[in-house]
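Me: I have a structure open and would like to go through it with you. Could we take it piece by piece?

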Amino acid sequence: MNFGFRRIHQITYNSSLIYNFRMAIAFLGTAFIPYFLNFQLATIPLTLGVVAAGLSDIDDRFTVRLMNQLYTYLGFFVAASAIQLLFPYPVVFAISLLFACIAWILLGSLGRRYATISYGCLVVSVYSMLGVHLFDSWYIQPLLLVTGAAWYGLISTIVYLLFPIRPVQDTLAKCYTALGHFLSAKANLFDVDMTTQSYKQSWITLSKENGTLIKLFNEMKVALLTRLKGDRGRKSTRRSLQYYFVAQDIHERADSAHIDYQRLAEHFKHSDIVFRFQRLLSLQANACRDLSQNLHKNTRYKHDSRFKVIFENLYTSLNRLHLDYPNDPIWINAFKSLYKNLKSIDSQLYNLETEQAITTQEMHKEGLLKDDDLKGWADIVSRVKQNFTPESVLFRHAIRVSLVLFCSYLFIQITNIHYGFWVLLTALFVSQPNFNATKRRLRLRIIGTIFGVIVGSAILYFVPSTEGQLLILVISGILFFELRSQQYAQATAFVTILALINFNLDGGLGYEAAWPRILDTLIGCFFAWLGVSFIFPDWKFRSLGTNIQKAFNTQCQYLAEIIEQYHHGKNDNLDYRVIRRAAHNSDAELASVISTLATEPDYDPQKKELAFDLLCLNHTFLSYIAALGAHRAQITDTDILKILNQSLDDIQGALIRDEFPDLNANNMLQNIRDRLVKQTTEDDLTIIILQQLSLMFGILDQLRSLKQNLSYEQDESNHFAPV
């Protein structure tokens, strides 16, 4: 009996299984209901409506979800009807396509919800072109597309009512998985056998993992905000909020750097202490991944009892360092600070399930999240204006995609190519805001299409019955949605099979459409490549210097907020969390920009090397700041407070105002180092502050020089972009 209940519990909280079950019901309905009603042709728009609705589905609380669906259905009907009515007039159609595409994409400037809906409307527009000939009356296809979308919406809403918190738990689980990967990457910095190149690569990997984690934190914030607005008293929401804040605090402590890790590993390569820290970080990474699995399964996390023994042995090893390395007090203090940080992470994990749920009053006091929703018409106008400039990625993408679709349509009209609107569909799906992502999708789309055509043709031959083909259509639709986020080539293959079966339902044209599908895909990919390479190419507008400046600005703001709390006491309020997140966001953006440089045409290898050096040092500097943040507390030593204030001014001078570290800064660094040598009278917190400032000043001049070199070269390098 207990085994049966456990199995039911596992199935109930298997998010992937629930999602696939939802898609199965949706596709079964669109495939077989028309079959039993002897209206088989309706399967095509109904199925495409489900696909478009699935691509437009976003998580939100119940009332907003219903409103989103209403907007989606209205947009689908308007888009499909416009295609039907304007299709007989090629000139008007082409001009309307151009401006409608720009409008739909720029609608995304209003927020994630509108961006998703507008993308779905674009997809429906192209789907309508494929089926414009199917029905005699103009309104039948738009109504069937909306009906398919509404059918999917009904099923997704029922699933939401049954499992309202699952999307939040899934996103939270992804956060802890990414946090585990981040801790594993941090553990690699304690490798005593690393070379200079491998050490640099470890920092690059850590920075990329940090970017992934920050992106998930931002998604989690949005998911929590919409739930908190709907029900502030819900226990599951408060519990998720607590998990989210704990993950952020663990990240701040894990991202802290108290010493130069390469020098540390070299200095203590024959001691067990470095290995112990590396093993402890690896085990904490595993604990975060275990916690992720608990969230997926909706079970309670149980902290590993081995951590107690591990910390005891590590503490013993730390005490022995005084005997083994009597002349290295700075190293020993760095180890102690790191020990305190990891002990705090252990405490967070241990108490995660035992602490009382956050009360509503506590949420109001410290747990509020920054709300990025629209605030009225003024906010709408402001956001649109901000994106109505070539400097905006969204604006460039809108112009690029609209021109690509416009040129593709002209090509279809001139050549009268068979099934030519697959060219537009391919161009739309492949075109991404940047060159690197588009190039990757081009390759995967072509591979997936070829494989899908081969398998689809075989299916049409070996499964001639309508019933069998409808069943395979359902399976293909499910697998497309299951794989579309992670395995794009495989997802493309399955959606190609779905498309061939749809065409076979339209008078047995599956074989006839098979090979044109490959040709149209190649042509669509070619147009997409032309667009991303020559129409507002993203590398021409990406100012590396601007990204560097933004990263330095947000880091200095983060440091300023931390120093303020050393004056007045620790406070995890909204302002602090927003500033901390902004610093990590800008670091992640910089990592994203630099990591794509290698894929851009004619990029200078020497500049690329400098950019990766900056990436490593930038994240190192952020880690030094995070260490100050992890230990922040009110202090009363006026000399230390003056040192903090002067250090902030010197760091801002070097990184923001492009000043050479002057004599005062050099004197400051020497003053800090002198105090560290004579640290017998200092308390532990003072030593930590002085050590972190010393580390920051140690790389300050190198950061400033790299910024100046890269910013200057960026200004001179716009000729790299094709025009």
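Me: Where is His 397 placed?
Reply: His 397 belongs to helix H17, which covers residues 393-415. Helices (H or I, at least four residues) and strands (E, at least two) are DSSP runs, numbered from the N terminus. Please note that this is a predicted model, in which local features need pLDDT of at least 70, side-chain atom pairs count only at pLDDT 80 or more, and totals for chains, interfaces and linings use all residues. Residues are numbered from 1 along each chain as its sequence is written, and side-chain values use heavy atoms, with hydrogens and water left out.

Me: Is His 397 buried or exposed?
Reply: His 397 counts as buried because its relative accessibility is 13%. The cut-offs are under 20% relative accessible area for buried, over 50% for exposed, and partly exposed in between (1.4 Å probe, protein chains only).

Me: And what does His 397 touch?
Reply: Not counting residues up to four places away in sequence, His 397 touches Ile 105, Ser 431, Gln 432 and Pro 433. Contact here means heavy atoms within 4.5 Å.

Me: Now the whole chain: how many helices and strands are there?
Reply: The protein chain has 29 helices and zero strands. It has 723 residues, of which 56% count as buried. Among contacts with a separation of 6 or more, 83% are between residues 24 or more positions apart.

Me: Changing topic, how many cavities does a search of the whole structure find?
Reply: The search finds eight cavities of 30 Å³ or more. A cavity is a set of points, on a 1 Å grid over the protein atoms alone, where a 1.4 Å probe fits but cannot get out; lining residues have an atom within 4 Å of a point. Grid points are joined across faces, edges and corners, and a volume is the space filled by probe spheres set on the points.

Me: What volume has the largest cavity?
Reply: The volume of the largest cavity is about 230 Å³. Its lining has 20 residues, and the closest to its centre are Leu 48, Leu 130, Ala 499, Asn 502 and Phe 503.

Me: Which helix gives the most to that lining?
Reply: Helix H21 gives the most, with five residues. At least two residues each come from helix H3 (43-55), helix H6 (112-130), helix H18 (421-430) and helix H21 (488-505).

Me: Why does the largest cavity lie between two domains?
Reply: The largest cavity lies between domain 1 (1-163) and domain 3 (389-531) because both give residues to its lining. These domain bounds come from an automatic or database domain assignment.

Me: How do the residues of that lining divide?
Reply: The lining of the largest cavity has 13 nonpolar, four polar and three charged residues. Ala, Val, Leu, Ile, Met, Phe, Trp, Tyr, Cys and Pro count as nonpolar, Asp, Glu, Lys and Arg as charged, and the others, Gly among them, as polar.

Me: What about the second largest cavity?
Reply: The second largest cavity holds about 140 Å³ of space. Of the 14 residues in its lining, Ala 53, Ser 56, Asp 57, Gln 69 and Thr 72 are the closest to its centre. Helix H4 (62-86) and helix H7 (140-162) are the elements that give two or more residues to this lining, and H4 gives the most, with five. The lining of the second largest cavity divides into six nonpolar, six polar and two charged residues.

Me: One last topic: where is Asn 38 found, and is it buried or exposed?
Reply: Asn 38 is found in the loop between helix H2 (15-36) and H3. It counts as exposed because its relative accessibility is 72%. The phi of Asn 38 is near 60 degrees, a positive value in a residue other than glycine.

Key:
1 Å grid on protein atoms, 1.4 Å probe; cavity = no way out; pocket = protein on both sides within 12 Å on 5 of 7 lines; lining within 4 Å.
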